[in-house]
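This report describes one structure for a reader who is new to the subject. Please keep the sequence and the three-dimensional view at hand while reading.

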Amino acid sequence: MSIRTIIGLEIHVELSTKSKIFCSCSTDFGSTANSQCCPICIGMPGSLPTLNKKVVDYAVKAGLALNCNIARESNMDRKNYFYPDLVKGYQITQYDQPLCKNGFLEIGQGKNIKKIGIKRIHIEEDTGKSLHTNQDVTLLDYNRSGVPLIEIVTEPDLSSAEETKEFLESLRDILKYIGISDVKMEEGSLRCDVNINVANENGKSFSNITELKNLNSFKSVVKAIEFEENRHRLLLQEDKNTSKETRRWDDIANITISMRSKETEYDYRYFLEPDIMNIALSEDEINKIKETLPELPRDKRERWATIFKLPEYDINILTSFLELANFFEETMAYYNSPKKLSNWIMTELLRRLKEEEMDINQLIFTPKDLAELLDLIDKGVINNSIGKKVFMEMFNGEGKPKIIAEKNGWIQIEDIKVIDEVLRGILRENPHSVNDYRNGKDRAFGYLVGQSMKALKGKGNPQLINKVLKKLLEE
Amino acid sequence: MKLELYNLSMYEIKKKIEKKEIKAVEVLESTLKRIESVEDKVQSYLTLTKDIAFCKANEIDKRIANNEAIGELGGIPMAIKDNICTEEILTTCASKMLHNFVPPYSATVYEKLLMEDGVMLGKTNMDEFAMGSSTESSFHKKTRNPWDISKVPGGSSGGSASAVAAGEAFFALGSDTGGSIRQPAAFCGVVGLKPTYGLVSRYGLVAMANSLDHIGPITKDVTDCALVLNAIIGYDSKDGTSIKRDKIDYLKTLNGEIKGLRIAIPREYFDENLSEPVRKALIEAIQVFENLGAVCEEVSLPNTKYAMAVYYIISQTEVSLALARFDGIRYGHRALNYRNIEELVKYTRSEGFGPEVKTRIVLGTHWLSGDNYKEYYQKANEVRKLIRLDFNNIFSNYDVVLTPTSATAAFELGSSQEKSLARQKIDKYTVAANLAGIPAISIPCGFDKGLPIGMQLMGKNFDEETLLRVARAFERNTSLDHKPSL
Ligand SMILES: [Zn+2]
């Protein structure tokens, strides 16, 4: 019997707006508990929510990037339940009229492309956070209360842990690209619930859906799915159906544990939010948002593979975030060797940025400067290792590469007379090595090249040094 | 005999202060003296803010002495219903739940009144969380009708209406969810206005039923009403339902003619529930309008008969959610003994809310649960649209709608508990305006055995101008110049 796995996702994404969804409090992560609150986001009596227009824009951006239909008119609802970190006794969300509907995201390559349906995307507010101390005290932090979220609900189109991972990674890249979230799972800005069950190929028998909660990394998503997949398959084979339930993933024991039976689902008593007027979007507004969408990662990778002919590995790194991809492309406008540029960016540039804990936006030099530097190397004006020194100076804001090289006297020595003279000196000072070389010890040659380079203060043209050295040794 | 200042209208007081005939402090002292002598009987206030009042009155006098400009309400003592948040002043909603709640922020309307230099006297009594029509569900005290202290002042803004009627404040703010400004205004013989939804910011008004709640003035006469309305209207970015419009000066057109104006008299509002004295007073009022050249015609508002049912379902539903935030965790009352969070919330709510509030929460929860949502709540909303449509149709032909405010004059204290159904019938003339969001005003139009009778005028959305002009025309051409003899 062949068994198929059916997976659907509910993904909460924290939007990176500067202020909360219904008030002007900051959304910065990691601030002192309860330092980012006001009467509105802690639901004080008499306070009223006013919708942050940016939140709608961001959600529409996500909807457009995920090929959704955007509702020209939608509204907000109240979802009712009691919880101490829920300040109003209800959460403001969208129920029957989400902002975005019926989209898709493609995963896989070539013939194996698969469309994963996006059922809906809606906006809502986050709740506060309960902290339980070991003295059995519950403390509440409302900094997150009112932080804007979108919930993305997929169709049950995914069929394996692998696919799910690919989907989530692709989704993460897109959301980061369009600049609406920093999508950090460890900071809770991307949270994923998985609905999973299995069915035999003819669809006649299937297990009941399990909802997996509290998955806080891509790794745990994969492991939890694999675990559940197996559990469901075994149960189905033994003809023992699972019960419809919510389970959580235990990261230490590597198992899922039942939290509650789905049958006792809460009656949320959804209700139209009277304090916020309908959200109306004109064609014009939607088009304006559309214009702000960048080329999405998948399209960019395809285009780069064709025009730059770079290895997949390079492309994946260079397109991993938009600013980097833009930097690469801007540099390519002044330079014509993609692979060489790719190497420089992946090694020198990214390493320096990491060391300095800097963002690519903070770079002092321009793409044009980097192109000029590589050009100087290609033309032999400076050699590769001097190039790295020049790069450091550029990084520190010392100016244009040519000027840096000139100022420091790093321009490569091309004068054969100068090189000849210096090399003769080196040979005189190292009779031992000369002897070694003539006795067939090749290592001595490398030593002599090194000494020559040192004497030329690194500015010698390496090819020239090789040539002259060989000639002198054979004299 | 020296004319007591508290007997004057705020408009008259304003003129006297501006002309330097009297000082703001004198006005305040006169009002406080009045409060001292009648408050024991009337019980309008929950909190008095004498220090704040003196501070402001002195400041205003100083500014006038220095020939500095003062606001439109400069030096006028005012009262605020206790469900409107006032920074650093207790705001209890007349509930045990908020008995200790001092908001760290102010309602937009209160800020606006302070900007116009109103002098804050205190917070007035009300039905708990604005639920009731007699101010008897207050946790703290029972307010009495200044015309007859054996009668209720109406509700839920009973304290505001009685304070103005008794001369304990020159004007007061109330809130109106189904008639809570107009009905007590009618019972206390004063003017009460519920403005168009969205004209006056609700920010800082502790919600009862968000889509029906309004803030409005209770004043001695129509001119004062226009004066207060001028001060409190305007777009507020803190209220998502606030409407951007050009500001209007309601005093400008107030005394205009009403000749040729078309007044609709809906027959559904003149049914068998109406008491005879009220009917008589209204028929006389219609005569006054006709004498002034207005055209009065009988019309039909066919969906009015559903207004009460729809109002109860929608308001109770919204109540059940609006009050969900009172859990004892961040502010207000908290139960002392509990073992876990669930008990904390449960006991807090059980102890903090009074019976009227609990009843409505339970009913509201019921209207939303499971299939009831479709059966009741959705249907109620559909009928609400029909009621709006009724008014739209009428207003395509008429300028205002004239009805009674209440079927009877004020009733006995303690009588509303056992006659809750009868009381609901009393409310039935006012709720439709809240469902439709249109402006409505109640003005005194006669007496029944010494108790005031109110007439309600409803207008087109944002056409408070016409409403006030019609009300003022009636006031100018009638003489109901009695005062309660406290
Ligand atoms: Zn806030």
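How much area do chain A and chain B bury between them? In this predicted model, the two chains bury about 2,800 Å² between them, and 63% of that area lies on carbon and sulfur atoms. The contact involves 32 residues of chain A and 41 residues of chain B. On the side of chain A, the residues that lose the most area to chain B are A:Pro45, A:Arg269 and A:Phe271. Together these residues make up 22% of what that side buries.

**The zinc site**

The zinc ion is held by the SG atoms of A:Cys23, A:Cys25, A:Cys38 and A:Cys41, at 2.3 to 2.4 Å. Along the chain, these donors follow the spacing C-x1-C-x12-C-x2-C. Why is the arrangement called tetrahedral? The 4 donor atoms subtend angles of 101 to 114 degrees around the zinc ion, and therefore the arrangement is tetrahedral. For four tetrahedral donors, the ideal angle at a metal is 109.5 degrees. Both A:Cys23 and A:Cys25 are buried.

**The sheet of chain B**

Chain B contains an open sheet of 11 strands with mixed pairing, in the order S1-S3-S2-S4-S6-S5-S10-S11-S9-S7-S8. Strand S1 (45–48) and strand S8 (295–299) of chain B stand at the edges; each has a single partner strand, so one side of each is left without a neighbour in the sheet. From one strand to the next, the twist averages 30 degrees.

S1(B) pairs with strand S3 (residues 119–124) of chain B in the antiparallel sense, over 3 bridges. Within this pairing, B:Thr47 has B:Lys123 of S3(B) as its bridge partner.

| Helix of chain B | Strands of chain B touched | Angle between directions |
|---|---|---|
| H2 (residues 24–42) | S1, S2 (77–81) and S3 | about 20 degrees with S3(B) |
| H7 (residues 222–232) | S4 (171–176), S5 (191–194), S6 (214–219) and S10 (440–448) | about 145 degrees with S6(B) |

**A sheet of chain A**

Chain A has an open sheet of 3 strands in the order S5-S4-S15, with antiparallel pairing. Its edge strands are S5 (90–93) and S15 (271–272) of chain A, each of which pairs on one side only. Strand S4 (residues 77–80) of chain A and S15(A) are joined in the antiparallel sense over 2 bridges. In S15(A), A:Leu272 is the bridge partner of A:Asp77.

Note on methods:
Residues are numbered from 1 along each chain as its sequence is written. Chains are lettered from A and ligands numbered from 1 in the order in which they are written. This is a predicted model: local features need pLDDT of at least 70, side-chain atom pairs count only at pLDDT 80 or more; totals for chains, interfaces and linings use all residues. Side-chain values use heavy atoms; hydrogens and water are left out. Donors are N, O and S atoms within 2.8 Å of the metal (3.2 Å for Na, K and Ca); water is not among the atoms, so sites may look incomplete. Four donors count as tetrahedral if all angles lie between 85 and 135 degrees; four count as square planar and six as octahedral if opposite donors are over 155 degrees apart and all others between 65 and 115; anything else is irregular. Buried means under 20% relative accessible area, exposed over 50%, partly exposed in between (1.4 Å probe, protein chains only). Two strands pair if DSSP finds at least two bridges between them. Helices (H or I, at least four residues) and strands (E, at least two) are DSSP runs, numbered from the N terminus. Axes are lines fitted to C-alpha atoms, for helices over the stretch in contact, and angles run from 0 to 180 degrees between N-to-C directions. Contact means heavy atoms within 4.5 Å. Buried area is the accessible area (1.4 Å probe) that two parts lose on being put together, summed over both.
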